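Biologist: Hi! Could you walk me through this structure in plain words?

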Amino acid sequence: MKFTINREALLRPLVVMAGVVPRRPTQAVLAHVLVEANEEGLRLVALDLEVQLEWTLPLDKLDAPGKVTLPAKKLTDICRSLNEGSAIDFILEEKRLVVKCGRSRFVLASLPAEDFPNMQLGEVEQEVKLSQAELLNLIRRTDFAMGRQDVRFYLNGMFFELENEKLTCVTTDGHRLAVASSNNFTASQEKNLSMIIPGKAINDLAKLLDTVDDEVTLGFGSQHFQVKLPHANFSSKHIDGQYPNYKQVIPVNNDKKVICNKLELRQILSRISILANEKLLGIHLYLSNNELKVVAKNPEQEQAEESLNLNYTGENLEIGFNVSYLLDVLDNLGDEITEVELLLADPSSSALIQPLGASNLVYVVMPMRI
C-alpha cells in the first residue's frame, strides 16, 4: 500500500474518528482505525461495537492499493502536528506503516485489516431526508438535558420520534426536559416510529455535521440508527428500553406568563449565581406586579439580588430553581431567539420555557426547595 494525501483533507476525518474510538477498548484492534486505499479513494472506518463511522476521501496519488489498521490517536496526533498544506505519504512496509512529510518520518505498528470487526446492521425500515443544519439544530437544542451515566439507562440517550408529520428529539435527566421538533423533512413512508440513540453516538454525530443545507438521510432500523452523508456513513445501535411519556410532563395549566429578553435574563441569572450555594446552585424567583426579582443566598450568609421590570399583573409567586438548569436552556435556545416565555403555576409545579411565539422548542424545568 502506498498513497499520498493532503493533510487538511485527512485531519478532520481523523479527529472525528478519534472520538468514535473507545477510550478503553476491549480488543486491541478497536483502538485502531481501518485505512483502505483503492481507486475510489481513501476509506477510513472507526468502530466501538456500538457506533461505526465510515468516511471516504479523495487521494492525491495512489501508487499501490491496500488496507491496514493503524492506531487512531497516534495517527491523528501525527497529522495534527504537521505543517498546514502538507502532502503526506503513506507506505506500508511489511507490518509497519511509514508516514513521510517533508523531513519528518514516522513508523507506526499496524494490525491486519482482517482483524478489524464489522458492525452487523439490519434492514432500514424508514428513511427521513433533511438538511445537515436542521439535524444539527435539533441535536444542539436538546443534547444538554440528556442523562449522564444515569442508572435509568434509557435516559442516557436522545429520543427520536417520527409522528404526525413531525420529527422530534427529546432528552431528559429526570430534572429537566428538552423537546425540539421539525417538519422540514421528507419521509420514505407514512409510518410512526421512535428510537433512543445513545449519548455517545449523539456526541459523535454532532461532530460530523455542519451548518449547511446539504441533505442527509436518516435510516431507522429494528436495531440501529443510520445517517448517510455525501462523504460518510454513521451507524449506531439503539438503546433497548421504554422512554418516558414526555408529553405528560409538559405543563398545560401554567397561567402565570412572564416574557423576558433572553440576553438580559441570562445576564441577571449569571450574576446572581455567583453567590448561590456551590452545591445546590439554588436561586429564588419572586414574581410580583410588573417585576421579577432574582435572589441567591449561601451558607456564608452572603446574598445577591437583582430585579427585572416586565409586564406582569398576576398573583405573586415565589419559586426556587437550580440556576444552572435555567442557564442551560437560555444558552441552547439559539442566537436567533431574542425573547422567551416563562410559564409558571405554583411553587411546586415545573416551569415551561419556550421562545416567544414558537412551538418547535419546549423546555421544562422542575422547581427545587431551597
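Biologist: At what angle do helix H5 and helix H6 pack?

Modeller: This is a predicted model, and in it H5 (residues 262-272) and H6 (residues 323-332) pack at about 150°, with their axes 10 Å apart. H5 and H6 are therefore roughly antiparallel to each other.

Biologist: Is the crossing left-handed or right-handed?

Modeller: H5 passes H6 in a left-handed crossing.

Biologist: And which residues of H5 and H6 meet there?

Modeller: From H5 there are Lys-262, Leu-265, Arg-266, Leu-269 and Ser-270, and they meet Val-323, Leu-326, Leu-327, Leu-330 and Asp-331 of H6.

Biologist: What about the core? Which residues have the most contacts inside the largest nonpolar one?

Modeller: Those are Leu-135, Phe-160 and Ile-283, in a core of 102 residues. Apart from that core lies another, of 13 residues, including Val-170, Val-179, Ile-196 and Leu-343. As background, nonpolar side chains tend to be buried together in soluble globular proteins.

Biologist: Let's stay with Ile-283. What is Ile-283 in contact with, beyond its neighbours within four places in sequence?

Modeller: Among its contacts are Leu-269, Val-323 and Leu-326, and those three also take part where H5 meets H6.

Biologist: Switching to strands now. In what order do the strands of the nine-stranded open sheet come?

Modeller: The order is S6-S2-S3-S4-S18-S17-S16-S10-S14, and the pairing is antiparallel. S6 and S14 (186-187) stand at the edges with a single partner strand each, so one side of each has no neighbour in the sheet.

Biologist: Is strand S2 mostly covered or mostly open?

Modeller: S2 (residues 32-38) is mostly covered, with six of its seven residues buried.

Biologist: Now the very start of the chain. Is Met-1 buried or exposed?

Modeller: Met-1 counts as buried because its relative accessibility is 12%, and the cut-off for buried is under 20%. Met-1 is found in the segment before strand S1 (2-6).

Biologist: So what is Met-1 in contact with?

Modeller: Leaving aside neighbours within four places in sequence, its contacts include Val-35 and Ala-37, Gly-66, Lys-67 and Val-68, and also Phe-90, Ile-91 and Leu-92. The C-alpha atoms of Met-1 and Glu-94 are 9.8 Å apart in space, while the two residues are 93 apart in sequence.

Biologist: Last one, the whole protein. How many helices and strands are there, and what box do the C-alpha atoms fill?

Modeller: There are six helices and 26 strands. The box is roughly 80 × 50 × 35 Å along the principal axes. Of the 370 residues, 51% are buried. Among contacts with a separation of 6 or more, 68% come from residues 24 or more positions apart.

Definitions and conventions
Residues are numbered from 1 along each chain as its sequence is written. This is a predicted model: local features need pLDDT of at least 70, side-chain atom pairs count only at pLDDT 80 or more; totals for chains, interfaces and linings use all residues. Side-chain values use heavy atoms; hydrogens and water are left out. A nonpolar core is a set of buried Ala, Val, Leu, Ile, Met, Phe, Trp, Tyr and Cys residues joined through side-chain atoms within 4.5 Å. Buried means under 20% relative accessible area, exposed over 50%, partly exposed in between (1.4 Å probe, protein chains only). Contact means heavy atoms within 4.5 Å. Helices (H or I, at least four residues) and strands (E, at least two) are DSSP runs, numbered from the N terminus. Two strands pair if DSSP finds at least two bridges between them. Axes are lines fitted to C-alpha atoms, for helices over the stretch in contact, and angles run from 0 to 180 degrees between N-to-C directions. Angles under 35 degrees count as roughly parallel, over 145 as roughly antiparallel, 65 to 115 as roughly perpendicular and the rest as oblique. A crossing is left-handed if the near helix is turned anticlockwise from the far one by less than a right angle, and right-handed if clockwise.
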